[in-house]
Amino acid sequence: MPFLTEGGEPLDRVPLLYRMGRDFQVTEGFGWLDPRDVATVIPVPAHDTTQPPRVGNSTDFASVPPFLWGLIASFGKQTLPAILHDHLAYEASITPIAERLALRKTADKVFRIALIDSGVNRLRARVMWAAVSIERYARHAGGLGILLIAQFVLGVPPSSRVSCSALSPRRSCSRSRSRPGSLRSRGGATPIS
């Protein structure tokens with residue numbers, strides 16, 4: 001099993017304190033052994049049970065909306081990866097703003113790997129990873145995140161001109177310019193001989 005107790009033994013249980021609603025607190029810390037580098041253990045500390053549940057001091061396991069519970073449960077094989085992700089996402093949220101998106105991207109990648117490593121079906125792991133990735137852009141990428149999510153929801157392919165200008169309004173968007181040898185510079189869809 002990829003999860004370990006604080007003493008380094010395989011984890012066979014997770015002591016939790018139920019705090020009403022959808023909130024739980026982990027009462028004993030544990031770690032995740034990264035299969036990409038077996039020397040790396042990512043620690044997940046216990047929550048402070050003397051304090052009320054809040055972001056960073058509780059978990060709701062996988063934050064699955066009730067209308068999706070028939071497809072993806074909020075607990076099961078994904079419970080430990082979800083608690084790990086909650087911890088890493090919280091850690092990313094309290095870092096300097098310039099570092100948040102990159103750290104959250106790393107947290108989301110660790111979540112996907114931990115899901116697969118815990119025996120979650122690869123397709124289900126991808127779906128869960130996609131959901132947290134969308135939330136990552138909504139939370140940490142500002143206007144660009146909203147634009148990307150809107151394009152995804154509406155099924156509109158990303159425009160290099162819009163994406164480029166959204167990233168840096170002062171930067172020239174070289175992809176949208178005509179290049180020698182391109183169809184645009186040859187007057188449309190004329191075949192290249």
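Which strands does α2 lie across, and at about what angle does α2 run to β4? In this predicted model, α2 lies across β1, β4 and β5 and runs at about 85 degrees to β4. Helices here are DSSP runs of H or I with at least four residues, strands are E runs of at least two, and both are numbered from the N terminus. Contact means heavy atoms within 4.5 Å. For the angles, axes are lines fitted to C-alpha atoms, for helices over the stretch in contact, and values run from 0 to 180 degrees between N-to-C directions.

| Helix | Lies across | Angle |
|---|---|---|
| α1 (residues 79–93) | β1, β4 and β5 | about 80 degrees to β5 |
| α2 | β1, β4 and β5 | about 85 degrees to β4 |

Now the sheet itself. It's an open, three-stranded one, ordered β1-β4-β5 with antiparallel pairing; strands pair if DSSP finds at least two bridges between them. β1 (3–5) and β5 (41–44) are the edge strands, since each pairs on one side only. From one strand to the next, the twist averages 30 degrees. β4 (residues 30–33) is joined to β5 by four bridges, and L33 stands opposite V41 in β5.

Buried residues (under 20% relative accessible area, 1.4 Å probe, protein chains only) in α2 include R104, D108, F111 and R112. Just after α2, G119 takes a positive phi of about 95 degrees.

Residues are numbered from 1 along each chain as its sequence is written. Local features need pLDDT of at least 70, side-chain atom pairs count only at pLDDT 80 or more, totals for chains, interfaces and linings use all residues, and side-chain values use heavy atoms, with hydrogens and water left out.

Conventions:
Buried < 20%, exposed > 50% of the residue type's maximum accessible area, 1.4 Å probe, protein only.
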